[in-house]
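Let's take a friendly walk through this model, chain by chain and then across the contact.

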Amino acid sequence: MNCRKIIKLISDYIDREIEEVKREMIEEHIKICKKCESILNTTEKTIKLSKVIYKNKKVPKRLEKILYYQIRIRYKK
Amino acid sequence: MNELELVEKAKSGDNKAFEELVKRTQNKIYNLGLKILGNKDDAADLLQETYIKAYESLPNFEGKSSFYTWLYRIATNFALMKLRKEKYKKISINEIKQASNGNYKLEISDWSNNPQIQYRNEELKEILNEAINSLPPKYKTIFILHDIEGLSLSEISEILSLSIPTIKTRIHRSRLYLREKLSEYFKKKGN
């Protein structure tokens, strides 16, 4: 398998959405190809970093009040 | 009371049950809005519109998917509509394809263990945030649902009515594009 094909399969590999045979081929390839190994490592890191840039927040109290008001005025209709 | 029971009660006109469903899901929906739309005002709009629409459409909810998935569908449709109206510059679909077509222009230095990768590196967060925001709406939404919110491919397929291969392609292209942007950052920083 050449580098181009490996790169196309990188996401399937990361998500474990890949057949065993192809997974082994990728693992063999990255042992000898620094370029593809780098792309795999940095893609995995990109995903990890993306997960930590957002902090989950609670709905602010004021907005919560507006939200329930908006819903409740529809009850009467 | 579980979600199914609450949905049934809400459908039969029990407003308290509907409010309980809102209470249980509101933070998730609000955070989805913050992530996709990138600011509090739009996230507040998304939150309100989602539940108003959910309340009004509740009689049509057949329970084929979970209540959550159904809400996500309403919320992402609203987000996509809003994103398409935005004026700031997005990258083109071609640009994102280029970053993932496996050609050798890809930046290949391995920065995955670079000491500058720290949780508190605000500059890095900013670069990544900007890159995510510049993704075309249909890529950005899928990337956030999958890689940040952790939804499965089949859930996203239900939410957006798209085939799984299409979703996989968009996730893959988004990741490689974002990776490329981070690679450029580390290259500038001298890796």
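## Chain B as a whole

Please keep in mind that this is a predicted model. Chain B is built from nine helices and has zero strands, so reading from the N terminus on, its elements run α-α-α-α-α-α-α-α-α. Along the principal axes, its C-alpha atoms fill a box of roughly 60 × 35 × 30 Å.

Of the 191 residues in chain B, 37% are buried. If you take the contacts in chain B between residues at least 6 apart in sequence, 72% of them join residues at least 24 apart.

## A closer look at helix H4 of chain B

Helix H4 of chain B covers residues 67-85, which is 19 residues. At 1.5 Å a residue it should span 27 Å, and its end C-alpha atoms are 28 Å apart, so the two values agree.

Which residues of H4(B) are buried? They are Trp70(B), Leu71(B), Tyr72(B), Ala75(B), Thr76(B), Phe78(B), Ala79(B) and Leu83(B). Their cover includes helix H2 (15-37), helix H3 (40-57), helix H7 (137-148) and helix H8 (153-160) of chain B.

## Where the chains meet

Chain A brings 32 residues to the contact, and chain B brings 39 residues. On the chain A side, the elements giving two or more residues are helix H1 (3-14), helix H3 (34-52) and helix H4 (61-75) of chain A. H3(A) supplies the largest share, with 13 residues.

By type, the chain A side that touches chain B divides into 15 nonpolar, nine polar and eight charged residues.

Key. Residues numbered from 1 in each chain as written. Chains lettered and ligands numbered in written order. Predicted model: local features only at pLDDT ≥ 70, side-chain atom pairs only at ≥ 80, totals over all residues. Contact = placed C-beta atoms within 7 Å. Helix = DSSP H or I, 4+ residues; strand = E, 2+ residues; numbered from the N terminus. Nonpolar A, V, L, I, M, F, W, Y, C, P; charged D, E, K, R; others polar. Expected span 1.5 Å × (residues − 1). Buried ≥ 20, exposed ≤ 12 C-beta atoms within 10 Å, placed from the backbone.
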